[in-house]
Amino acid sequence: MADQNDWVSGVQASIKKFRACNDLAGLIAFLEEKLLEAAVLEEGLVPDAFLASLCNELGYAYAVTQEPEKADARFSDALALNPDNENALYNRATIALSAERFTEAAAFLTRLIELSPDHAGAHYRLGLCRSMQSNPDAALPHFEKAASLDPNQPAPQYWAAECLLHRNDYARALPYFERAAELLPDNGDALRGLAICLLQTNAPAKALDVCERLLASGGASQFVALRVKGDALLALGDIVGGAQCHLDMATLDFDAREFLVERAKLLAAENPSAVRQYVETILRDIPELEPALARCRQDGDKGGAGARNG
């Protein structure tokens, strides 16, 4: 027992020294040597659980030094010695996830969650696996669990919101996007989702403010920001301003002209009194859309007249 304790404590002390000076190369060489040494020691002298922790430590060092194949091999050794080593399960899952081996990663993470139900990182990564497998419904509970366990991490907040946005569940997505945007105030994806949810939950003025932030940032979400800003202005009664935002979309993407026609059709159904002004604003810049928009204008005029006569 004394020999065992001496060997284990000596190894632990050396590991601390290598960590303290951030000597990864030295740590790797030391651990490789000690694992070889342990292999020829009397069977049972060093507990398997401790050897598993050494393998995991070595795997982590290889991962940090960008040697994923060696890292994965050592994490696998750790699990062979102790199948319930939580660090090794997490690390093998991380390697598999990075390599886009989602089914493999999910298996490790599922086992880890069985052992540690409140492991926020495991829930988040399992959510990522399910999302990458095109299964946002299966991903959602894991993102929500991770978000509740670690509310100061923006990624689970954002991904929970995206899963709910995929369902068009804007009211449930909104607080997650709000928290993600609070933690990452300049993140265009979080602001994009926040603007959409605010608009869809009848808060167009707030959506407009978020769109202005998005447009000022000059990021990749400009197109969506212009669409949501235009819709927010329409909801607030600024028909010309909304149409102009939608025209700016067509400047960014020629295909947005189809959106202009569809939005005019929607206005004819939902707000017929606004259609003529919207269509005329569009046609001043893109007169070639006259054939496509003429019917919308006529429908709007009929609807508006019906509303007045009613």
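In the predicted model, Cys129 is buried, with a relative accessible area of 0%. The cysteine sulfur closest to that of Cys129 belongs to Cys163 and lies 13 Å away, which is too far for a bond. Cys211 also has a relative accessibility of 0% and therefore counts as buried. For Cys211 the closest cysteine sulfur is that of Cys245, at 8.2 Å, again too far for a bond. A disulfide is a covalent bond between the sulfur atoms of two cysteines. The separation of 8.2 Å between Cys211 and Cys245 rules one out in the second case. In total, the structure holds 0 disulfides.

The packing of two helices was examined next. Helix 2 spans residues 24-40 and helix 3 spans residues 48-64. Their axes come within 10 Å and cross at roughly 150 degrees. Angles over 145 degrees count as roughly antiparallel, and helix 2 and helix 3 are therefore roughly antiparallel to each other. The crossing of the two helices is left-handed. On the side of helix 2, the residues in contact are Leu24, Leu27, Ile28, Leu31, Glu32, Leu35 and Ala38. These meet Leu51, Leu54, Cys55, Glu57, Leu58, Ala61, Tyr62 and Val64 in helix 3. Sorted by class, the contact between helix 2 and helix 3 comprises 13 nonpolar residues, 2 charged residues and no polar ones.

Arg74 is located in helix 4, which covers residues 68-81. With a relative accessibility of 18%, Arg74 counts as buried, because the limit for this class is under 20%. When residues up to four places away in sequence are not counted, Arg74 touches Glu32, Leu35, Cys55, Leu58, Gly59 and Tyr62. Among the residues touched by Arg74, Glu32 and Leu35 belong to the helix 2 side of the contact described above. Cys55, Leu58 and Tyr62, also touched by Arg74, belong to the helix 3 side of that contact.

Glu258 lies in helix 15, which runs over residues 256-270. Its relative accessible area is 59%, so Glu258 is exposed; the limit for this class is over 50%. Glu258 and Ala292 are separated by 34 residues in sequence, and the distance between their C-alpha atoms is 9.4 Å.

Note on methods
Residues are numbered from 1 along each chain as its sequence is written. This is a predicted model: local features need pLDDT of at least 70, side-chain atom pairs count only at pLDDT 80 or more; totals for chains, interfaces and linings use all residues. Side-chain values use heavy atoms; hydrogens and water are left out. A disulfide is a pair of cysteine sulfur atoms within 2.5 Å. Buried means under 20% relative accessible area, exposed over 50%, partly exposed in between (1.4 Å probe, protein chains only). Axes are lines fitted to C-alpha atoms, for helices over the stretch in contact, and angles run from 0 to 180 degrees between N-to-C directions. Helices (H or I, at least four residues) and strands (E, at least two) are DSSP runs, numbered from the N terminus. Angles under 35 degrees count as roughly parallel, over 145 as roughly antiparallel, 65 to 115 as roughly perpendicular and the rest as oblique. A crossing is left-handed if the near helix is turned anticlockwise from the far one by less than a right angle, and right-handed if clockwise. Contact means heavy atoms within 4.5 Å. Ala, Val, Leu, Ile, Met, Phe, Trp, Tyr, Cys and Pro count as nonpolar, Asp, Glu, Lys and Arg as charged, and the others, Gly among them, as polar.
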